[in-house]
Structures are given as C-alpha cells and as structure tokens.
Amino acid sequence: MAIKEPRLRSLLVQAERNANYGKNAAAESIYRQILEESPDAEEAWVGLAGVLTGPDEKRAAYERALTFAPDYPEAVAGLARLDGRPVPPEIEAKLAAKPGPEEPTTLKPTVETEVEEEDDAPYAAEVQYDLYCYRHPDRATSLRCYNCNRPICISCANKTPVGYICPECQREAEDAFFNSKPLDYLIAALVSFPISLLAGYLIVRFFNGVFLYYILIFFASGAVGSFIGRITKRAIGGRRGRYLPGLVVAMMILGVVIPALPFLLAILVGDLRVLRQLLGPGIYLFVAASAAYWQMR
Ligand SMILES: [Zn+2]
Ligand SMILES: [Zn+2]
C-alpha cells in the first residue's frame, strides 16, 4: 500500500533525505518506524533496502516490498542489481517515467530555506515539518533527538549540552557509561558486607543514647560510609554499574539489621523502649549509606 497518511509521508521524506545525505543509520531507524505502523508500505521497504548493508537483509526487504506491491519497479530493479542481472527494459522505462522524489503537498514547510549542497550540517538549515513524537504519535513537536534524528515531544526529550536526546538513545548512552562486569557485583558484596557488618555491630552494641554519641555518630557516619564506598569501588577496578550503588546500600542495611535483630524482635513483641536504642544506628545508616552511594556512582 502506498502511504497516504500525511504524518507517515512526512517521515518517508525525512528518511529519504537522511539516506540522500548518507545518514543511513538515521534513515534506517525512520524507515523501521514507518514500517512498524504501516508494515505493508512498499515504499518504506524499498527505502529500507537501500540503506541496509547486508545483501541478505537487502534482498529480504525488496522481497517484502514485492509481496505488497508485485512488480513494484524499484523493488524489481533493486533485486536485479543485487543479483548482478540487467534491469528489464520495461522496468527501466517505468522508473524513468516516475517523477523524482516529490515533496508531499499536504505538508506546509514552516521555514523556507534552501539546503546548500556543500553544507556539512544539512539539518541546520532544514525545512521544519510538522513532526510528531515517535513515542506519542498524537503530540506535535519540532524537536528531534540529536542522535537518531527521530522527532520527540518535550516530555520525552532530555536536554544535553549538544541537543535533545530521546529516552532510547539516552539509555544506550548510559549502557555505554556503565562498564561493570557481572563479577563486580559479587566482589562489591563480598567487600562491602563485612565492613558494613562490623560498623553496624559497633554502632548497635555501643550506642547508648548519650548526647555525645549522637554528635559522634553524625560526624563519623559520613566518613565510614565514604570509606565503604571508596574501598568497594577500588576493589572492582573503579568500574560503574547501574545497580552497584544500590547493592552497597543494601549491604549496609543488612550490616545494621543483623546486629539489631534482637532489638527489632523486641519491638515486634511490643517492647517499644528499645526504639531509643535504634535511633543512633538509624542516623548512622542514613548518613553512611548516602555517602557510600555517592562514592559508588
Ligand atoms: Zn534517539
Ligand atoms: Zn513523546
């Protein structure tokens, strides 16, 4: 089926433009987005085939186009070229008779700017169409992800120093940032747990509600937490993991909960006097865990 919907036509023009500028990855992403919504769009299949690099992938895309539009000239010609066969003359004639890539008339460019050939940054001077967020097809926007070039609405866009980025690309960038190995999680647990348990035991055992202890806890906790964070980070070679800070915090909570179990059980059976006994360890845990968390980030 030829694409009729103005929004998808606009995407198709965007994809073709990207392909013409050699931005194949961006073009591919837009073609795939069109096909997600309109899987029978032969124009998008042919466009996709044009920007794919693997011969098998190319062939599959051309063949998909032909299943929806048998004898679609671009697809027939594409397959012939792929096989090194000459393009049949009647197909050549059909291709030649077609008008060049037409700009859809339903779309009104809001900025009329000629794109110069030698311009290295074609998007800077590019015509702005009425775009729709690729995650919210009902939201019009003029923003694009600087990485994949797909339109995104303001609530999806994250501002970075180099432009707006979409949530998917953001996640990818973060995955590249987090470089920990699976074993790091085990090492982090093995290093942080014993220290946390020792610190937790001392604080639970010796805290007795005297005012001086509060002050001591308040100042010592930050240093203890920071120490646990630093030594754990060093043990895993300074690598970063999405859940490593959380893991260390969990170890520190265990480090207090285990020695405090008798008190916690006493509370369960209704002895609320021990609550006071847990105030110090509670403050320690809050301050120290925050410090360790920031060290692990
Ligand atoms: Zn993106
Ligand atoms: Zn959105």
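Donors are N, O and S atoms within 2.8 Å of the metal (3.2 Å for Na, K and Ca), and sites may look incomplete because water is not among the atoms. The donors of the zinc ion (ligand 1) are spaced along the chain as C-x2-C-x17-C-x2-C. This is a predicted model, in which local features need pLDDT of at least 70 and side-chain atom pairs count only at pLDDT 80 or more, while totals for chains, interfaces and linings use all residues. Residues are numbered from 1 along each chain as its sequence is written, chains are lettered from A and ligands numbered from 1 in the order in which they are written, and side-chain values use heavy atoms, with hydrogens and water left out.

The protein atoms that hold the zinc ion (ligand 1) are C145 (SG), C148 (SG), C166 (SG) and C169 (SG), at 2.2 to 2.4 Å. C145 lies in the loop between strand 2 and strand 3, and C169 in helix 7 (residues 167-177), so this pair ties together parts that are 24 residues apart in sequence. Helices (H or I, at least four residues) and strands (E, at least two) are DSSP runs, numbered from the N terminus. Four donors count as tetrahedral if all angles lie between 85 and 135 degrees; four count as square planar and six as octahedral if opposite donors are over 155 degrees apart and all others between 65 and 115, and anything else is irregular. The arrangement around the zinc ion (ligand 1) is tetrahedral because its four donor atoms subtend angles of 101 to 115°. For comparison, ideal angles at a metal are 109.5 degrees for four tetrahedral donors.

Burial is the next point. A residue is buried under 20% relative accessible area, exposed over 50% and partly exposed in between, with a 1.4 Å probe and protein chains only. C145 and C169 are both buried. For C145 the relative accessibility is 0%, which is why C145 counts as buried.

The structure holds zero disulfides, a disulfide being a pair of cysteine sulfur atoms within 2.5 Å.

Rolling a probe the size of a water molecule over the atoms shows where empty space is left. On a 1 Å grid over the protein atoms alone, a cavity is a set of points where a 1.4 Å probe fits but cannot get out, and lining residues have an atom within 4 Å of a point. Grid points are joined across faces, edges and corners, and a volume is the space filled by probe spheres set on the points. By these criteria the structure holds one cavity of 30 Å³ or more, and the largest cavity has a volume of about 50 Å³. Its lining consists of R7, S10, L11, D130, L131, Y132 and P151. Helix 1 (6-20) and strand 1 (131-132) each supply at least two residues of that lining, and the largest share, three residues, comes from helix 1. By class, the lining has four nonpolar, one polar and two charged residues. Here Ala, Val, Leu, Ile, Met, Phe, Trp, Tyr, Cys and Pro count as nonpolar, Asp, Glu, Lys and Arg as charged, and the others, Gly among them, as polar.

Two backbone angles deserve a look. D71 is not a glycine, yet has a positive phi of about 70°. D71 lies in the loop between helix 4 (55-68) and helix 5 (73-83) and is exposed, with a relative accessible area of 53%. N149, also not a glycine, has a positive phi of about 70°. N149 sits in the loop between strand 2 and strand 3 and is buried, at a relative accessible area of 9%.

Finally, some C-alpha separations. S180, in the loop between helix 7 and helix 8 (182-206), is 64 residues from L244 in sequence and 8.7 Å from L244 in space, C-alpha to C-alpha.

Definitions and conventions
On a 1 Å grid over the protein atoms alone, a cavity is a set of points where a 1.4 Å probe fits but cannot get out, and a pocket is an open set with protein on both sides within 12 Å along at least five of seven lines; lining residues have an atom within 4 Å of a point.
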